[in-house]
Amino acid sequence: MRKILVLMLTFVIALAVGACGNKEDGNKETSGNASSEESDIAYVKDKGTLVVGITDFEPMDYKDESGKWIGFDADMAKAFAESLGVKAEFVEIDWDNKIMELDGKTIDCVWNGMTLTDEVKSAMDCSNAYCNNAQIVIVPADQADKYQDQDSLKDLTFAVEAGSAGEEQVKTLGLNYTAVKAQADALMEVAAGTSDAAVIDSLMAAAMVGEGTSYADLTYTVGLNNEEYGVGFRKGSDLVAALNEFFASSYKSGSMTSYAETYGVQAAVIEQ
């Protein structure tokens, strides 16, 4: 009887040791996977690309005549990717789905004149602010005298980019609006007369509205707010610290200002 008990005890101990060993091995494997998942820098370097989520937004991200993405944000993103030893790849996204695209890893960051709203900051880890901006009202130039304050806007129909800071502003003011895919589409709506007005970023308005631009018959009137741009990454991403360091060094070296001057946005750049 004692011999049988000893054999059974030995068998139980052997099973326990084996289970502990398997658990330890499993922990090691899980730990390794977690480490890999925790480092966005390692992930980006391993695939050789930094995938940047954008919309067509002059002067931040837009295509030149050859179809190449240029702009202040595009040029800075290319330089940041180069500092990591990878290439920047630009993907046009539906702005309203930017958080889903980021979390699903179809993009690695959102870098497109993105306003640092409470919603953005709660859903992403964001870089330091790098540009000042505002949301402003766009109307036909021959109607501008009628719309010089917020009270005058209440009967207008607006076009705004879905999921944008502009949409947030018209919602807050209780204005009538139609959501469109991009800010460029909002301008087209006003130019075509299908909307009375649009709300877009001031930096875009400076590049695209008024004499000598694509929309010479439009102008901007009322400023609705003041805001700042930042770049968004996945929660816990180590790319945030890397970009903040890159911003600081680029500002100090003067390259950030040089890129900004190329696109006429140097007055909006925030000291790093």
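Over which residues does pLDDT stay under 50? In this predicted model, that stretch is residues 1-36, and for these residues the model has 0 contacts beyond four places in sequence. Taken over the protein chain, the average pLDDT is 88, and 86% of the residues score at least 70.

Let me turn now to a pair of helices. Helix α3, which covers residues 72-84, packs against helix α10, which covers residues 255-262, at an angle of about 145°, and their axes lie 9 Å apart. The crossing in which α3 passes α10 is right-handed. On the α3 side the residues that take part are Phe72, Asp75, Met76 and Ala79, and they meet Met256, Tyr259 and Ala260 of α10. Sorted by class, this contact has 6 nonpolar residues, no polar ones and 1 charged residue.

Ala197 has its place in strand β11, which spans residues 197-201, and Ala197 counts as buried because its relative accessibility is 0%, where the cut-off is under 20%. Leaving aside residues up to four places away in sequence, Ala197 touches Val137, Ile138 and Val139, then Leu156, Thr157, Phe158 and Ala159, and also Val190. Although Ala197 and Pro140 are 57 residues apart along the chain, their C-alpha atoms are separated by 7.6 Å.

Finally, the cysteines. Are Cys109 and Cys131 buried or exposed? Cys109 is buried, since its relative accessible area is 0%, and Cys131 likewise counts as buried at 0% relative accessibility. A disulfide is a covalent bond between the sulfur atoms of two cysteines. In this model the count comes to 0 disulfides.

Technical notes: Residues are numbered from 1 along each chain as its sequence is written. This is a predicted model: local features need pLDDT of at least 70, side-chain atom pairs count only at pLDDT 80 or more; totals for chains, interfaces and linings use all residues. Side-chain values use heavy atoms; hydrogens and water are left out. Axes are lines fitted to C-alpha atoms, for helices over the stretch in contact, and angles run from 0 to 180 degrees between N-to-C directions. Helices (H or I, at least four residues) and strands (E, at least two) are DSSP runs, numbered from the N terminus. A crossing is left-handed if the near helix is turned anticlockwise from the far one by less than a right angle, and right-handed if clockwise. Contact means heavy atoms within 4.5 Å. Ala, Val, Leu, Ile, Met, Phe, Trp, Tyr, Cys and Pro count as nonpolar, Asp, Glu, Lys and Arg as charged, and the others, Gly among them, as polar. A disulfide is a pair of cysteine sulfur atoms within 2.5 Å. Buried means under 20% relative accessible area, exposed over 50%, partly exposed in between (1.4 Å probe, protein chains only). pLDDT is the predictor's confidence in each residue, from 0 to 100.
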